[in-house]
Amino acid sequence: MHFFLRYAHRILRLSNGLLAVFALLFVLLASVLAYWLEPDTFETWFNSLYWVMTTMATVGYGDYFMKTAGGKLFTIFLYLFGIGLLSLVIGKIIDAFATLKIRRETGKVNYHGRGHIVVITWNKKAYSAVEELIASDPELEIVIIDENEKIPYDHKKVHYVSGDPTLDKTLTRAGLDKARSAIIFADETSSDSSLVDGKTLLIAASIERLAPDVYTTAEIMSEKHIQNFRHVKVNDFILSHDAVSMLAVRSALNEGSVELYMQLISRQYGGEIYEVPVNPAWANYYDAFQDLLKKGATLLADRQDLSINTRLNDPIPADAKLFVVCSPETYKHLQDPT
């Protein structure tokens, strides 16, 4: 009994990988031994393997069973040791899944995908952004980075990484180098706009160093701080308070216009702004405007230039990025005319 307990204690101390290897070897050797003891009973090694597995799993269909004294003693050994070993392996597997679930919920699991969007710093605006992203593309993978101890948004397409977003190791764990884009939201835990924008600047600098090709959008608390970002590659800035102020002014000057703006900036309502590929058959903006209009889309701009409607006869440059407003169904047709 002391011998058995000593070796049982050693088995319990094995790592999950070694335990799995040990269990596999035990099953294979037990199958070989069973077939060696009673070859006429099992006829093939595979049948002995089947018998060992059903015995260890306590299924015991009775279609195969040992007949000799040696075989019965071996069966007793499987009852005492094999069943316990299999139970231990199953327990380890369940424990591993439970541990993985806990690690995922606490943001300790690294993300290994690509083409995802990284959302940095969790707050109400980040929550709205994630909702919008999911509504826009239910198959889009999203990685949230924040310093909370638990995942802030539970969704099958949302992965959480807990850590300081100013540190390289945290951004690396989020798979930043393989991301499609990154959105940095202002840390609202501080009331000092200089400190908030300073942290955003540190995050943006880290992103530029680790993944300079990732399209980065940053929320800025104060417009006067934008000049501090000039040496950092941030593709777009969003002024936190100015956006709300501008919408309020538009509403006061033009009644009902806010609903129009909301439809343009949200994919959950009405039409949306999309980038469309340039058709080689378009000689100028007029050709593009007319062709797109026939298909249900309205040409708005080339990159940030909204004045192309005043120069429709100008040729479309080779590096043009045309944006239209249309429904999602029309956009799919524009992407795949067939």
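Because the model is predicted, local features need pLDDT of at least 70 and side-chain atom pairs count only at pLDDT 80 or more, while totals for chains, interfaces and linings use all residues; side-chain values use heavy atoms, with hydrogens and water left out.

**View 1. Helix α4 crosses helix α5.** Here α4 (residues 45–56) packs against α5 (residues 69–105) at an angle of about 65°, and their axes are 8 Å apart. The crossing of α4 past α5 is right-handed. From α4, the contact uses Trp51, Val52, Thr55 and Met56, and from α5 it uses Phe74, Thr75, Leu78, Tyr79, Gly82, Ile83 and Leu86. Sorted by class, that makes eight nonpolar, three polar and no charged residues. Axes are lines fitted to C-alpha atoms, for helices over the stretch in contact, with angles from 0 to 180 degrees between N-to-C directions. A crossing is right-handed if the near helix is turned clockwise from the far one by less than a right angle, and left-handed if anticlockwise. Contact means heavy atoms within 4.5 Å. Ala, Val, Leu, Ile, Met, Phe, Trp, Tyr, Cys and Pro count as nonpolar, Asp, Glu, Lys and Arg as charged, and the others, Gly among them, as polar.

**View 2. The second largest pocket has α4 and α5 in its lining.** This pocket (an open set of points on a 1 Å grid over the protein atoms alone, where a 1.4 Å probe fits, with protein on both sides within 12 Å along at least five of seven lines) is lined by residues with an atom within 4 Å of a point. It holds about 180 Å³ of space, a volume filled by probe spheres set on points joined across faces, edges and corners. Of its 15 lining residues, Trp51, Thr55, Phe65, Thr75 and Tyr79 lie nearest the centre. Helix α5 gives the largest share of the lining, four residues. Seven lining residues are nonpolar, six polar and two charged.

**View 3. Six strands make an open parallel sheet.** Their order is β3-β2-β1-β4-β5-β6, where strands pair if DSSP finds at least two bridges between them. At the edges, β3 (158–162) and β6 (236–239) each have a single partner strand, so one side of each lacks a neighbour in the sheet. The twist averages 20° from one strand to the next. Strand β5 (residues 215–220) pairs with β6 over four bridges, and Ile220 has Leu239 of β6 as its bridge partner.

**View 4. Three strands make an open antiparallel sheet.** Here the order is β7-β9-β8. The edge strands, β7 (272–276) and β8 (298–302), have a single partner each, so one side of each is left without a neighbour in the sheet. From one strand to the next, the twist averages 35°. Strand β9 (residues 322–326) pairs with β8 over four bridges, and Leu322 in β9 is the bridge partner of Asp302. Helix α11 (residues 285–294) packs on this sheet, touching β7, β8 and β9. Helix α12 (residues 328–335) lies across β7 and β9, at about 5° to β7.

Methods. Residues numbered from 1 in each chain as written. Helix = DSSP H or I, 4+ residues; strand = E, 2+ residues; numbered from the N terminus.
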